[in-house]
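Hi there,

Here is the structure I promised to pass on to you. Have a look at it first, and then read my notes below.

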Amino acid sequence: MEADNRKVGGIWPVGLDIGYSGVKTFSGNAITCFPAYAAESMGQSRISVAGTGDTRNIQYRDENGVVWDVGAGAQNRISVSDTSAGSLAIYGRSRYYSPMYKVIMRVGIACGIRKNACGNPAGKTLKIQTGLPPKYMASDTADLLDVMCGHHEFEVRFGDEPWEPFSFTLGREDVALIDQPEGTLFSISTDRNMKLMPDAVRYFSSRMLIIDPGFGTMDMFPMIRQTVNRDLCQTFPELSMKQVLKDTADEIFQRYNFEVAVPAMQQFLESGQIIKREGRKYSRVPFGDILEKHSMKICNQAIDRIMEIYNPPVEFDYLVLTGGTGEAWKDYFTNNEYLQDCETVTILPGNQGDPTLPYLLSNVRGYFIYALSRFAAQA
């Protein structure tokens, strides 16, 4: 969506967060998010109805003329029974060199550098600000920079709009990384106008546990007076939304004899219904109760793990719940027996800085704010 965000001099910073489920972009004139999935079009033509304005349908064309469907349009093409559809490319940590990663990375940047009514990046120097979990900063930085840096020449088509060409070069000095939880800290400390909030000093000088339950993993980052304690950071794949969807899909199969792969679940989450098969009869049935049950189960396991490892009521002043899954779990946290009456630790929402935005944008918003502060200081 178009957004009139703060700008700085002759620099055009773009916050970029390429997660396992979504690609988030934050720039001076836009805030965007699309599913982190792409698939070659294989020569298939896409039906386009002029004037529908459905920008969820994104296509990408590389320098060799190869066309990919990107985001929701590609995700909705996954066969419901294809358990291997893009699984390594979506969920694997070694995804940087996969062709799909290059596609979604380029489209993510494109979303942040398009001209619109809120600003024009033409003539300004492009800078990318992104981040990694502290645990992977040392091991993954070189690979990420290797993929992002260099010359990029491609086209993107958003919805029924014409193909839009993009051409830019990124040097190593143009791509910066910070620890992922620092993005959240900057975001919760800064208001909608991107000015420091009254409580910012308190947040920066506190003991804070940032909890980021994502699609592929649940990550926990202890920060003591704005310094990440890397030795105490923890990552748990089994306490993620992917695990919730896997357990939900398993029960759907047991209950309704309908098999759906995790990569294809998004198609059914939008409608809240799956297909029930009884012999030769097929019908649609809601599965919200199954999803809720497994989401609560995994969340409670996550809280138990947090209490076991960190003992937050004693060791921390704040728990910050961020990420898309964090937003889905916020009521489970606030109503949990360990935390609902706890007076020693405060639970903060990831969108504390701008409650009009979803939690899933917390990190990328923080990346953008960090870049703004860095370049404003240099001006």
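**What I found**

With a relative accessibility of 9%, asparagine 336 counts as buried, because buried means under 20% relative accessible area, while exposed means over 50% and partly exposed is in between (1.4 Å probe, protein chains only). Before going on, please note that this is a predicted model, in which local features need pLDDT of at least 70 and side-chain atom pairs count only at pLDDT 80 or more, whereas totals for chains, interfaces and linings use all residues. Residues are numbered from 1 along each chain as its sequence is written, and side-chain values use heavy atoms, with hydrogens and water left out.

Where is asparagine 336 placed? You will find asparagine 336 in the loop between helix 11 (324–334) and strand 18 (346–349). Helices (H or I, at least four residues) and strands (E, at least two) are DSSP runs, numbered from the N terminus. The side chain of asparagine 336 reaches the backbone nitrogen of tyrosine 338 at 2.8 Å. Setting aside neighbours within four places in sequence, asparagine 336 is in contact (heavy atoms within 4.5 Å) with Asn300 and Ile303.

Threonine 344 also sits in the loop between helix 11 and strand 18. Threonine 344 is partly exposed, at 48% relative accessible area. Beyond its neighbours within four places in sequence, threonine 344 is in contact with Pro313, Phe316 and Asp317. A polar atom of the threonine 344 side chain lies 2.7 Å from the backbone oxygen of proline 313.

Next, a pair of helices. The axes of helix 7 (residues 241–256) and helix 9 (residues 288–310) come within 9 Å and cross at roughly 140 degrees. That makes helix 7 oblique to helix 9, because angles under 35 degrees count as roughly parallel, over 145 as roughly antiparallel, 65 to 115 as roughly perpendicular and the rest as oblique. Axes here are lines fitted to C-alpha atoms, for helices over the stretch in contact, and angles run from 0 to 180 degrees between N-to-C directions. Among the residues making the contact are Thr248 and Tyr256 of helix 7 and His294 and Ile298 of helix 9.

Finally, how many residues of helix 5 are buried? Eight of the nine residues in helix 5 (residues 180–188) are buried, so this helix is mostly covered. The buried residues include Pro181, Leu185 and Phe186.

Best wishes

Notes:
Polar contact = N/O pair within 3.5 Å; in protein donor to acceptor, adjacent residues only side chain to side chain.
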